[in-house]
Amino acid sequence: MPTAAKLISAIILAVIGWLCAEMVKPLMEEGQELPYLSPTCAAVGFFVGWMYLGPRADKGQGSVGANAGTTILVQVIVTLFIFAFSEMISNSLRKRYDGPIEALQDIFVIGYETVLEFTTAEIAATAILGGFIASTSAFYAARKWG
């Protein structure tokens, strides 16, 4: 059921996902094409806002700060999983794994290396501030229109 809290949180988290993706692009290797980075991060933000933060705000579960922190954590984990899984499939097609278990284990290694390589203070601050804005706005929308 569409609600104001779901819509507000989904839009704000999609924008935050897009902004963080744009902040990551200069940190990537030169010549690496990233046509799907920003849209994918925005889609994950929209999905997390709609399915995770919006319903929690509608029901009044948790505090604004707790929901902001867990929402950003969920968004980061889902985004990392998508890109690590994509990298694993790419490596798998090049026959770099001996078996399926090794390929599945490599998802976590790729995700961990990505976090270490691309986490900066600016990106973390943008994500945390955006999470608080999304959470506060969702709770306000749920109270006002819900």
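**From one residue to the whole chain**

Tutor: Let us begin with Thr79, which lies in helix H3. Helices (H or I, at least four residues) and strands (E, at least two) are DSSP runs, numbered from the N terminus. This is a predicted model, in which local features need pLDDT of at least 70 and side-chain atom pairs count only at pLDDT 80 or more, while totals for chains, interfaces and linings use all residues. Residues are numbered from 1 along each chain as its sequence is written, and side-chain values use heavy atoms, with hydrogens and water left out.

Student: Is Thr79 buried or exposed?

Tutor: Buried means under 20% relative accessible area, exposed means over 50%, and partly exposed is in between (1.4 Å probe, protein chains only). Thr79 has a relative accessible area of 13%, so Thr79 is buried.

Student: Which residues is Thr79 in contact with, leaving aside its neighbours within four places in sequence?

Tutor: Contact means heavy atoms within 4.5 Å. With those neighbours set aside, Thr79 touches Cys41 and Val44.

Student: What about Asn67?

Tutor: Asn67 is also found in helix H3. Its relative accessible area is 0%, so Asn67 counts as buried. Beyond four places in sequence, Asn67 is in contact with Leu53, Arg56, Gln61, Gly62, Ser135 and Phe139.

Student: Where is Thr120 found?

Tutor: Thr120 sits in the loop between H4 and H5. Its relative accessibility is 23%, which means that Thr120 counts as partly exposed. Thr120 and Thr70 are 50 residues apart along the chain, and their C-alpha atoms are separated by 19 Å.

Student: How should I read the phi of Lys95?

Tutor: Most residues other than glycine have a negative phi. Phi of Lys95 is near 60°, a positive value in a residue other than glycine. Lys95 lies in the loop between H3 and H4, and its relative accessibility of 72% makes Lys95 exposed.

Student: How many helices and strands does the protein chain have?

Tutor: There are 5 helices and 0 strands, so from the N terminus on the order reads α-α-α-α-α. The C-alpha trace spans about 55 × 30 × 25 Å along its principal axes. Of the 146 residues, 35% count as buried. Among contacts between residues at least 6 apart in sequence, 76% join residues at least 24 apart.

Student: How much space lies in the largest pocket?

Tutor: On a 1 Å grid over the protein atoms alone, a pocket is an open set of points with protein on both sides within 12 Å along at least five of seven lines, and lining residues have an atom within 4 Å of a point. Grid points are joined across faces, edges and corners, and a volume is the space filled by probe spheres set on the points. Here the largest pocket holds about 1,200 Å³. It is lined by 37 residues, and the closest to its centre are Leu37, Leu80, Phe83, Thr114 and Phe118. Helices H1 (4-24), H2 (37-59), H3 (64-93), H4 (100-118) and H5 (121-145) each give two or more residues to that lining.

Student: Which helix gives the most to the lining?

Tutor: That is H3, with 11 residues.

Terms used:
On a 1 Å grid over the protein atoms alone, a cavity is a set of points where a 1.4 Å probe fits but cannot get out, and a pocket is an open set with protein on both sides within 12 Å along at least five of seven lines; lining residues have an atom within 4 Å of a point.
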